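I opened my notebook for this one and went through it piece by piece. Here are my entries, in the order I looked things up.

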2 protein chains.
Amino acid sequence: MSDQPLVIFTPSGKRGRVAPGTTVLAAARQLGVDLDSVCGGRGICSKCQITPSFGEFAKHGVTVREDALSDWNKVEQRYDDKRGLPKGRRLGCQACIQGDVVLDVPPESQVHRQVIRKSADTRPMVMDPATRLYFVEVEEPDMHEPSGDFERLAQALSDQWEVTGVTADPSLLARLQGVLRKGNWQVTVAVHKDHTGAVPRVLEVWPGLHEGGLYGLAIDLGSTTIAAHLTDLETGEVKASSGLMNPQIRFGEDLMSRVSYVMMNPGGEVELTQVVRAALADLARALAGEAGIDPALIVEAAVVCNPVMHHLLLGIDPTELGQAPFALAVSEALSMPASDLDLGTINPRARAYLLPCIAGHVGADAAAVSLATAPEMSDELMLVIDVGTNAEILLGDKTRVLACSSPTGPAFEGAQISSGQRAAPGAIERIEIDPVTKDPRFRVIGLDLWSDDPGFAQAVAQTGVTGICGSGIIEAVAEMRMAGLLDPSGLIGSAEQTGTPRCEAEGRTHAYLIHDGSAEGGPRITVTQGDIRAIQLAKSALYAGARLLMDERGADRVDRIVLAGAFGAHISPKHAMVLGMIPDAPLDHVTSAGNAAGTGARMALCSNAARVQVEKGVREITKIETAIAPKFQEHFVNANAIPHKVDTFPELLQVVTLPDVSFNTGGDKPGGRRRRRGG
Amino acid sequence: MSDQPLVIFTPSGKRGRVAPGTTVLAAARQLGVDLDSVCGGRGICSKCQITPSFGEFAKHGVTVREDALSDWNKVEQRYDDKRGLPKGRRLGCQACIQGDVVLDVPPESQVHRQVIRKSADTRPMVMDPATRLYFVEVEEPDMHEPSGDFERLAQALSDQWEVTGVTADPSLLARLQGVLRKGNWQVTVAVHKDHTGAVPRVLEVWPGLHEGGLYGLAIDLGSTTIAAHLTDLETGEVKASSGLMNPQIRFGEDLMSRVSYVMMNPGGEVELTQVVRAALADLARALAGEAGIDPALIVEAAVVCNPVMHHLLLGIDPTELGQAPFALAVSEALSMPASDLDLGTINPRARAYLLPCIAGHVGADAAAVSLATAPEMSDELMLVIDVGTNAEILLGDKTRVLACSSPTGPAFEGAQISSGQRAAPGAIERIEIDPVTKDPRFRVIGLDLWSDDPGFAQAVAQTGVTGICGSGIIEAVAEMRMAGLLDPSGLIGSAEQTGTPRCEAEGRTHAYLIHDGSAEGGPRITVTQGDIRAIQLAKSALYAGARLLMDERGADRVDRIVLAGAFGAHISPKHAMVLGMIPDAPLDHVTSAGNAAGTGARMALCSNAARVQVEKGVREITKIETAIAPKFQEHFVNANAIPHKVDTFPELLQVVTLPDVSFNTGGDKPGGRRRRRGG
């Protein structure tokens, strides 16, 4: 038996012998255990709390005696008197190891703690923030050895934290002398040291121990909405989330109309840049207000967005992205002063990180989805689809990942659909059609009742039944197909052909009546032949993109399908597959990754390792440009049928029946895409 | 004899054999010869011009035949047609070596050319600029291999110039796409790659070959005047120089009164910072106008200044510099975006470099003097004195350099002197006193005649004789001492004691009349006892500082004295030594370094190597704080005598005679410094 005590840390399981009298913090460092400390062992920050366990531990083969740790010393006692230590906890920097001991490191005492994410997320997030706090004691100036206060601060960071070669902006230097003297030569500094190898930079300095926290913004800058999450850079916790409409919408609903605006209005890109930056600044201010923190505590931002928004945020004219060869001005990740992006009231020395773009059509948002879903780490062949106005598609596994984007248009979001609307209370989001009676039942957003449940009419009276949202239209079309109201070519049958008066004539085509609200002054909600054609265009583009990547991989099936994006979270996998939006797969292998782009932004915000990973991942992704792929058109045409002209859906057909009907009477051509492009 | 031709480059003397058909540019690179090229060998920039010599070269042992170089090719011919090549010149990138040849590289074809400086300067300046131009051909975008235009530019810089890992600000990225297309994928970029190891940064981009030059500002920011030199970063040539009064003067004539202003007016440092930055911006605009260049071509600035100006320029409250321990906020050199200093219309991505400060009283201006005079490279023990309101003093040689500053006060600049004035036309700048007649003769600024030359009265009428400038008062006091009008203690004798009525009674003391202009309505110009006391205080401080450094070095003599500063250029070494301003030395070993601080700024502007040198030099300098040196007071008191109470001046006494007089009659105490501090 050694005369050196054995120390076992849980949950890591790391163990080893240390000299008697070693502090727990020092032991943790010796053994490579992740135990936090901001004050560097001075007993004031309490970040190094641990919980000792006593008694017999057969599992570890040790007996821990009551005196395994030293008694409380004055520092620990003072901390407990002043701030209070939770029961059973000790300060790791004060408690000394005197005998064999088992020590638990609670999650909040770990620097690289895992952040528990929603179940939808595929992987845990590990904290590895670029900006961290360090408490230092700085030497006082000495006329015999004149050096600047900043140089002595830098020396303290090097001596006390092994953070070497720091630099700082003049605005920080201007604050420094006052803060050092106010803190009586003890200060806390926030140092930004990112993954780029750039010189570490002191972003902020506070007198004494700073306990006000440190925050970052994860920004998901979409064409339509801008979402931001105010995130605690020490814990990864989201303190406040908020979103607002992208104010660029007044220059054009979709990206291409904004590019056109810039092309037709010299200097238009300056306007577009100004409004989006102002919106981000507003959002930052609002989030700080909501969380009740000083905006100056926000020291980092990570931004994901599509290529056009990426360029407009940076102040780059996006015209080149509107025409072949869709050249990005810059594609790799960017690290810069946040002030270059005019982010308003946040810390004047805050840093901004923009994730890399994959290609001219596949942006930093897709890179963030790739970071959050990590197909490059998957053993199975994984198809990741971020559904939006453009669908970004990733396909791959450990060996190789491919990416493309496909122009699905806005039909999936309820636009260009006769009864379509945004997802809002009153919108039909779920629908079932009885294959025998051909009658529908449905649910609207904001109500748990189905339309045939008792009390529905009364309950829905407040909002009314106002239209169909994106996920509702997908279910409606798929249900119509399963109920035999729609043939594989996409034709809606007549009342005679289908045996239900809900299939109403509308000129030379037919529409299916879901709900007639006219008696209550509401709309008649139908699915028209034009709606079907719009959905066919959108789903064909999506499927053709996925199929193109599968061709490139030489795969005719995928193991797993992950649907990303807020919309992806609401899509029913079965209905999407009946529609032929996505390739055939076991239904329980189709999952949602939630707002994967936002998650990716948070990961990049909280972790240098995640930045390294996404940059490496993006460099290694094979980019496929659908616009010039010869087979894309063929895939597109074949995908027009519901679910598909040639591809079989064996997994799907195990759980659903697709009636073999045809409503083509020669008066309308199946697959009449070209004639009806206008929808 | 080898079948590979022998190439000899002059003036470097580098020689070697190359494969027949090698271009001169390639041969230069193989042999490590410094031959410039911006276009990378495309025959368009003409930076690589060389002059071949033909015939017998006994010295080199070669015979150069007429066909030693290939005939002109189309590229060379086109260049000559379009732009014209000087007679005898060839383009090094086009002319191929076919036989033994002697090739002269003219200075303008060298990257690291030496810049010829004025004879006053001690060392030549070698070009090694941080920002250089590179002409590159960039790959066009390709949908199959999507990458950003910037990434392809970076690749081109890496492939064509071995400049790797460049970065750029968003504002550059915003310009890039248009310029690349305008230049048909050929562009010139200015890349800043300094000595700090920071990532190289693309500062500017121009379509095609940029021939508009590249400029920097060397700024000497003094308390009273601000001087700036617009410098060609390719040649080192000064294109325009200008100066203006420091507008901070309205907040206080001297530095300490400005520090007081800040202490008494909260936010005063912001005002002081704003006015000095605005002045620099004005100066930059004026210089660009004078040189007829676009201010956006100014991509760098190097700044030297004293510690208080240094802090005020950076926006740092200088209060700490006004009180012990005189702590600088930051002492090391700073490299930053010039926009952090609001330098106005210069390139928005320009960089600024601030030289390091040596100590709280010894600023970046002293560091620049050290760079320009290089005591750390001297075999001899060198004393460098920058005379101003504060004197900065350096002493050292190859083994070690010491530095201090000493508070001389403004007497040497003519302030606090009864007839003192700024150096301006009409001011007495030279004076001689006949030891027999005790009558003076003098010269005024703006006139070559001495006052006893025929025609002087007429010639001087335009300006009048208005006062005595700084160098004039030094000569006057020294001449009075040599003529026996002033005793070693600093007392002016009476008319009886000296035998001249020019020694006039003035209360209980006496004054020496140099010139009586009252008949013409001008002033009576005298040197009063108070003037002598003021000069004694100033020179004692200066001498005591130098002596303190000599003590520290264990030296009782120096080999060489270098006087820096505009004032230093006008001081007569003999008179300075008679006064006891400077230690004894052979008079021909006392030289002027001219405006050494400004020279140092230009060196740092034009050379990374100079930046490395000054930073290393400053780190290695031993700083001596006169305020806390116990022996300073003793040295100061001993130095009060003229030339000195105890130190002998053997070198000086070989060339001058100092009468052994004493005018102390008991009514006035010699060395009455304390009683008469107000002077």
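**Entry 1: domains of chain A**

How far apart do the C-alpha centres of domain 2 of chain A and domain 3 of chain A lie? I looked it up, keeping in mind that this is a predicted model, and got 27 Å for those two centres. The domain assignment sets domain 2 of chain A at 114-207 and domain 3 at 215-354, and it also gives a domain 1 at 6-109.

Next I checked the contacts. 15 residues of domain 2 of chain A are in contact with 10 residues of domain 3 of chain A. On the domain 2 side, α4 (170-182), β11 (186-192) and β12 (201-207) of chain A each put in at least two residues. I sorted that side of domain 2 of chain A by class and found eight nonpolar, four polar and three charged residues.

**Entry 2: how the two chains are related**

I jotted down a reminder: two copies of a chain are related by a rotation about an axis and a shift along it.

**Entry 3: where the chains touch**

I then looked at the interface. 40 residues of chain B are in contact with 40 residues of chain A. In chain B, α3 (149-161) and α4 (170-182) each supply at least two residues of the side that touches chain A. The largest share of that side comes from α4(B), with six residues. By class, the side of chain B that touches chain A has 22 nonpolar, eight polar and 10 charged residues.

Why do I write that the copies meet through the same surface? Because 100% of the interface residues of chain B are also interface residues in chain A.

**Entry 4: a pair of helices**

I picked helix α8 (residues 364-373) and helix α16 (residues 608-620) of chain B, whose axes come within 10 Å and cross at roughly 115°. That angle makes α8(B) roughly perpendicular to α16(B). Is their crossing left-handed or right-handed? I noted it as right-handed.

For the touching residues, I listed B:A367, B:S370 and B:L371 from α8(B), which meet B:A610, B:Q613, B:V614, B:G617 and B:V618 from α16(B). This contact of α8(B) with α16(B) has five nonpolar, three polar and no charged residues.

Another reminder to myself: most residues other than glycine have a negative phi, and most peptide bonds are trans. I found a cis peptide bond joining B:A324 and B:P325, with omega about 5°. B:P325 sits in the loop between α7 (307-314) and β17 (334-337) of chain B. The bond from B:I642 to B:P643 is cis as well, with omega near 0°. I located B:P643 in the loop between α17 (630-638) and α18 (650-653) of chain B.

I placed A:F326 in the loop between α7 (307-314) and β17 (334-337) of chain A.

Conventions
Residues are numbered from 1 along each chain as its sequence is written. Chains are lettered from A and ligands numbered from 1 in the order in which they are written. This is a predicted model: local features need pLDDT of at least 70, side-chain atom pairs count only at pLDDT 80 or more; totals for chains, interfaces and linings use all residues. Two residues are in contact if their C-beta atoms, placed from the backbone, lie within 7 Å. Helices (H or I, at least four residues) and strands (E, at least two) are DSSP runs, numbered from the N terminus. Ala, Val, Leu, Ile, Met, Phe, Trp, Tyr, Cys and Pro count as nonpolar, Asp, Glu, Lys and Arg as charged, and the others, Gly among them, as polar. Axes are lines fitted to C-alpha atoms, for helices over the stretch in contact, and angles run from 0 to 180 degrees between N-to-C directions. Angles under 35 degrees count as roughly parallel, over 145 as roughly antiparallel, 65 to 115 as roughly perpendicular and the rest as oblique. A crossing is left-handed if the near helix is turned anticlockwise from the far one by less than a right angle, and right-handed if clockwise. Domain bounds come from an automatic or database domain assignment.
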